[in-house]
Amino acid sequence: MSDPNDDWDPTGGDPTDDDFDAPTITCQRCDQHWDLSKEFDELGVGNHAIEQFALDHKRHTGHFPDDVRTWRAACRNCPETAERLASDAATRWAETHARHTRHEVEIRHARSDETTVVTDESE
């Protein structure tokens, strides 16, 4: 499960050039868009600005902005689920849940039909 495109990083790295234009995030559900200049200039979150904004947006509205696709881990035995922006975070949650509950957990990316099943390794 180590596809180089696994983790969501739309910025392509740190902005280092003076002509850098901060990205704009849109959300059709909210009918709004945001320029992330403040996040880059004042808050200093660099290439994590979009990820942090997406997480904050989800926390405040209950949904992610447009074009953000997440990794989803869902237990096959109970209603527990997790939604993460990075594959390793979803995998870590799935492995922890499987280890503590001995349940199978299915991991799926929103941009793909491919799934991975995580089981308790100690069995």
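Modeller: Helices, with at least four residues, and strands, with at least two, are DSSP runs numbered from the N terminus. In this predicted model, the protein chain read along its sequence follows the pattern β-β-α-α-β-β-α-β-β, with 3 helices and 6 strands.

Colleague: Why is Asp 120 called buried?

Modeller: Buried means under 20% relative accessible area, and Asp 120 has a value of 7%, so the term applies. Asp 120 sits in the segment after strand S6 (115-118).

Colleague: What makes the pairing of the side chains of Asp 120 and Arg 102 a polar contact?

Modeller: A polar contact asks for a pair of N or O atoms within 3.5 Å, and the contact between these two side chains, Asp 120 and Arg 102, is listed at 3.4 Å.

Colleague: How do you know that Asp 56 and Arg 59 form a salt bridge?

Modeller: The cut-off is 4 Å between a side-chain nitrogen of Lys or Arg and a carboxyl oxygen of Asp or Glu, while the closest N and O atoms of Asp 56 and Arg 59 are 2.4 Å apart. Both residues belong to helix H2 (residues 49-61), where being 3 residues apart separates them by about one helical turn.

Colleague: Why is the salt bridge of Glu 106 with Arg 76 said to tie together parts of the chain?

Modeller: The closest N and O atoms of Glu 106 and Arg 76 are 2.9 Å apart. Glu 106 lies in strand S5 (residues 105-109) and Arg 76 in the loop between strand S3 (71-75) and strand S4 (81-84), so the pair joins parts that are 30 residues apart in sequence. Arg 76 and Glu 106 also belong to a network of salt bridges with Glu 104 and Arg 108.

How values were computed:
Residues are numbered from 1 along each chain as its sequence is written. This is a predicted model: local features need pLDDT of at least 70, side-chain atom pairs count only at pLDDT 80 or more; totals for chains, interfaces and linings use all residues. Side-chain values use heavy atoms; hydrogens and water are left out. Buried means under 20% relative accessible area, exposed over 50%, partly exposed in between (1.4 Å probe, protein chains only). A polar contact is a pair of N or O atoms within 3.5 Å; within protein, one must be able to donate a hydrogen and the other to accept it, and residues adjacent in sequence count only if both atoms are side-chain atoms.
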